[in-house]
Amino acid sequence: RKGDPVHGWFVLNKPVGITSTKALSIVRRLLNANKAGHAGTLDPLADGVLPLAFGEATKTVPYLVDARKSYRFTVRWGQETSTDDREGPVVRSSDARPSPDAVLLALPAFIGRILQVPPAFSAILVDGERAYDLARDGVEVELKARETDIHRLEIVESPDADHACFDMVCGKGTYVRAFARDMGRALGCFGHVTALTRTSVGPFMLAGAISLEKLEESAKDGAAKRSLLPLATVLDD
């Protein structure tokens, strides 16, 4: 492999508009690392904590994949989209809007160990193909409900009748987009995600994440590698 033997974890504050794979390739180039991987994919729509593993740290990725994650996100009421976020076309709509009290009353049904059907546009494998590839080709696939854990879920604010902002702490395999879809249906008004920030993954917090802009600046004088965290960081529990 080309590049240097770089080892450790890097916590990126991924910007909106690029895939996790693209973000990894940019950081890998800036660090001139010969081996890299990421833990927990973020959609292009989302920003926030994206842990990147380099060298020997890639062997500890499985420990982080199972870690708790936290998100802050905004749901837009009145519209359900094909992708369950603002990137897809609207497939269902309603003039109904939930009151803040109605949202509060609906939250307990989504806390704890619940069953959740993943979005049609997800990376789940169906007969060897990604669900999002089948969905883009117009193939209707019925994904099976999966158990997931939502440890904490609360409404942060309702800036207007069309939107509500939430905080969520959840386990592996939880889809925020699926929550928005299911909450909208439960409230009889439909819903989809318009903004999503991952605020933590295991021990990695948004406050300690570094933007691509800052990384590019530090890479000019070779200081970027000083931002790497030890392999043992993900094993501190």
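Reader: F73 and F166: buried or exposed?
Author: Both F73 and F166 are buried. Buried means under 20% relative accessible area, exposed means over 50%, and partly exposed is in between, with a 1.4 Å probe and protein chains only.

Reader: What kind of model is this, and what needs a pLDDT of at least 70?
Author: This is a predicted model, in which local features need pLDDT of at least 70 and side-chain atom pairs count only at pLDDT 80 or more, while totals for chains, interfaces and linings use all residues. Residues are numbered from 1 along each chain as its sequence is written, and side-chain values use heavy atoms, with hydrogens and water left out.

Reader: Back to the rings. How many aromatic pairs does the structure hold?
Author: There are six aromatic pairs. A pair here is two rings of Phe, Tyr or Trp (its six-membered ring) with centres within 6.5 Å; planes under 30 degrees apart are stacked, over 60 edge-to-face, and the rest tilted.

Reader: F73 and F166, what are the numbers?
Author: Their ring centres are 5.5 Å apart and the planes meet at 20 degrees, so this pair is stacked. F73 sits in strand β4 (residues 69-77) and F166 in strand β11 (residues 163-170), so the pair links distant parts of the chain, 93 residues apart. Helices (H or I, at least four residues) and strands (E, at least two) are DSSP runs, numbered from the N terminus.

Reader: And F73 with F179: what distance between ring centres, and what angle?
Author: The centres are 5.7 Å apart with the planes at 80 degrees, so that pair is edge-to-face. F179 is in helix α5 (residues 176-186) and F73 in strand β4, so the pair ties together parts that are 106 residues apart in sequence. F179 is buried, and so is F73.

Reader: Which residues form the aromatic cluster?
Author: F73, W77, F110, F166 and F179 form one cluster.

Reader: How many residues of α5 are buried?
Author: Eight of its 11 residues are buried, so α5 is largely enclosed by the rest of the structure. The buried ones are V176, R177, A178, F179, A180, R181, M183 and G184. Just after α5, G188 has a positive phi of about 70 degrees.

Reader: What about L107, where is it and what does it touch?
Author: L107 is in the loop between α3 (100-106) and β7 (112-116). Its relative accessible area is 5%, so L107 is buried. Leaving out residues up to four places away in sequence, L107 touches L153, E154, I155, F166, F179 and M183, with contact meaning heavy atoms within 4.5 Å. From L107 to R152 the C-alpha distance is 9.9 Å, for a sequence separation of 45 residues.

Reader: Backbone next. What is the phi of N32, and of D84?
Author: N32 has a phi near 55 degrees, which is positive in a residue other than glycine. D84 is not a glycine either, and its positive phi is about 65 degrees. For context, most residues other than glycine have a negative phi.

Reader: Where are they in the fold?
Author: N32 is in the loop between α1 (20-31) and β2 (36-38), and D84 is in the loop between β5 (79-81) and β6 (90-93). N32 counts as partly exposed at 38% relative accessibility, whereas D84 is buried at 4%.

Reader: T233, down the chain. Where does it lie and what does it touch?
Author: T233 lies in the segment after α6 (212-220). Its relative accessible area is 19%, so T233 counts as buried. Not counting residues up to four places away in sequence, T233 touches P203 and F204. T233 and E216 are 17 residues apart along the chain, with their C-alpha atoms separated by 24 Å.

Reader: Zoom out. How many helices and strands?
Author: Six helices and 13 strands. The radius of gyration is 19 Å, close to the 18 Å of the globule rule for 237 residues, so the protein is as compact as a globular protein of that length. That radius is taken over C-alpha atoms, and the rule is 2.2 Å times the number of residues to the power 0.38. The C-alpha atoms fill a box of roughly 55 × 40 × 30 Å along the principal axes.
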